[in-house]
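Work through the exercises below with the sequence and the structure open. Each task is followed by a solution in steps.

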Amino acid sequence: MDEPQRAPHTDPTECLSSPSQAAGIAPRLRASWRRSERYGLSVDEMRPAFTGSVDTDSLLYECGHEVLRGLQATLANEPVSMMVTDSDGLVLSRICDDSSINRSLDRVYLAPGFYFAERNAGTNGLGLALADRTPSLVRANEHYCTGLRGYTCAAAPVLDPINGGIAGSINLTTWSDSSSELLLALAQAAAGNTTALMLARGTGRKIRPIPRGEVFRVYADRLQQASPSCSALSPTWTNAVAQARTAFQQGLRVAVVGEPGAGKTALASLARRELARERVLSARPPAPEDIDVWLTLWTPELGKDNTCIIVSGVDALPAWATTELARLFGTVHRAAERLQSFVITARTDGAIPEELRPLVDTVVEAPALRSRPDDILPLTRHFVRQDRGRAAALTSAAERALTSYDWPGNVRQLRKVMREAAAGATTIDLHHLPAEVFTSPGRPLTRLEAVERDEIIRCLTEPGTTVAQAATELGVGRATIYRKMAQYRIRIPEQATNR
């Protein structure tokens, strides 16, 4: 590729020469400029990182590329370059028939194989969409780097249809003097269609709903009712709670990290239960467009006596929201000189946003359920009793199935499974458990494959059913059943010995 040049259609006299001249732009863009400056990026020179290859076999690439091919047919003769990127801002695919804009984009490296996240290329459409997790339009001089100011870029995140996270983005780029009114709407539609196509070609499960940003009070007595007593749980869990409690007693600011569903909020709340500050408010991350309303719901409680705020999932917040949180938390602590008005949670220590790191003194990990298998059955019996109002027995086969499963969704998944299994059952056996408990993680299944797998498991878990009987019911041979069990990674404990 040639050396980077200023893109055409740009008047150099109109370009902003430094981030300090960005005061007139929108708050989100201004925050993005500040982040770009903090990353040490140059306004006048842009050299995004390059990787030697891209993953063209991924479901995101396949579906995004197909959606953009369809969109291209409706934008014939329009100078619009359409791109698919992954969640890190790596450009996977670029589709455009206009040779002029293609050559221009090559000069600024906006091409497959280059990273265009904010950290790599400063404020730009796809970088801002990924950072703030919301559709974004960046026009002309709103770009951080002068080399991009000849373009208008509209981008929208592509949601993973299973876990609801950010899988990547769709980015549409045109000249800065071209009409851009419909560009963002087209990007949003293409991103939504990509997610839908990924769902159809994946497992066929329902799309996970977007977060609603709930803010709720955690009551100590209800928390006690919602969890088994500490003495009934393993040292792995009780030691983590004790570690957090000690940190609170020492006046340290705490972040609790762990996998989704591992019980990060419960751990923080339990650790605070014995302290003077008993009123705990939990604020879950909202949809990007609801950030302003979400902040107004709970920030007035900051700094109040006997109140602790747990801000969950800070790694899932838009970048500009973490900037605002850092400002709010810093202001409260400078004014009140108190260190324990909030707790944050994230997936990992490394996922805590940089702006919030100075406000964390110590990190406590909520252990995943698979790392504390001794807790599975006590939690199981507790959830059944809580949902039914009375206990229910489990067969030994059901207990083995539950304890041998890896529980990728952790305690949250266990609770959901037991709520469904215990409905109307006085003794929970294999056939009361969902198919997911009998399988190991593997490639995503098509909808037809998922139906076939579930039907095999249904037959195999019927009381007293042998593999031969299941094969007869399904109309296939025993060899086929064994082959399908291996294909779908099905494990049924305590099968009949008569094979």
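**Exercise 1. Burial of a strand.** Determine which way each side chain of β10 points and whether each is buried or exposed.

Solution. Phe-342, Ile-344 and Ala-346 point one way from β10, Val-343 and Thr-345 point the other way, and all are buried. Buried here means under 20% relative accessible area, exposed over 50%, and partly exposed in between (1.4 Å probe, protein chains only). Strands (E, at least two residues) and helices (H or I, at least four) are DSSP runs, numbered from the N terminus. In a regular strand the side chains alternate between the two faces of the sheet. Five of the five residues of β10 are buried, so β10 is largely enclosed by the rest of the structure.

Before going on, note the basis: this is a predicted model, in which local features need pLDDT of at least 70, side-chain atom pairs count only at pLDDT 80 or more, and totals for chains, interfaces and linings use all residues. Residues are numbered from 1 along each chain as its sequence is written, and side-chain values use heavy atoms, with hydrogens and water left out.

**Exercise 2. Neighbours of β10.** Find which strands pair with β10, and name bridge partners.

Solution. Two strands pair if DSSP finds at least two bridges between them.
- Step 1: β10 (residues 342–346) runs parallel to β9, joined by three bridges. Ile-310 has Val-343 as its bridge partner, and Val-311 stands opposite Ile-344.
- Step 2: β7 (residues 254–257) also pairs with β10 in the parallel sense, over three bridges. Here Val-257 stands opposite Ala-346.

**Exercise 3. From β8 to β9.** Describe the pairing of β8 with β9 and the hand of the crossover.

Solution.
- Step 1: β8 (residues 279–283) and β9 are parallel and share five bridges; Arg-279 has Thr-307 as its partner.
- Step 2: The chain passes from β8 through helix α10 (residues 291–298) to β9, a right-handed β-α-β crossover. Right-handed means that, with the strands pointing away from the viewer, the path from the first strand over the helix to the second runs clockwise.
- Step 3: On β9, Thr-307, Ile-309 and Val-311 are buried on one side, and Cys-308 and Ile-310 on the other.

**Exercise 4. Positive phi.** Locate Tyr-109 and Arg-489 and state the phi of each.

Solution. Most residues other than glycine have a negative phi.
- Step 1: Tyr-109, in the loop between α3 (99–107) and α4 (118–121), has phi near 65 degrees. Its 9% relative accessibility makes Tyr-109 buried.
- Step 2: Arg-489, in the segment after α17 (478–487), has phi of about 55 degrees. At 45% relative accessibility, Arg-489 is partly exposed.
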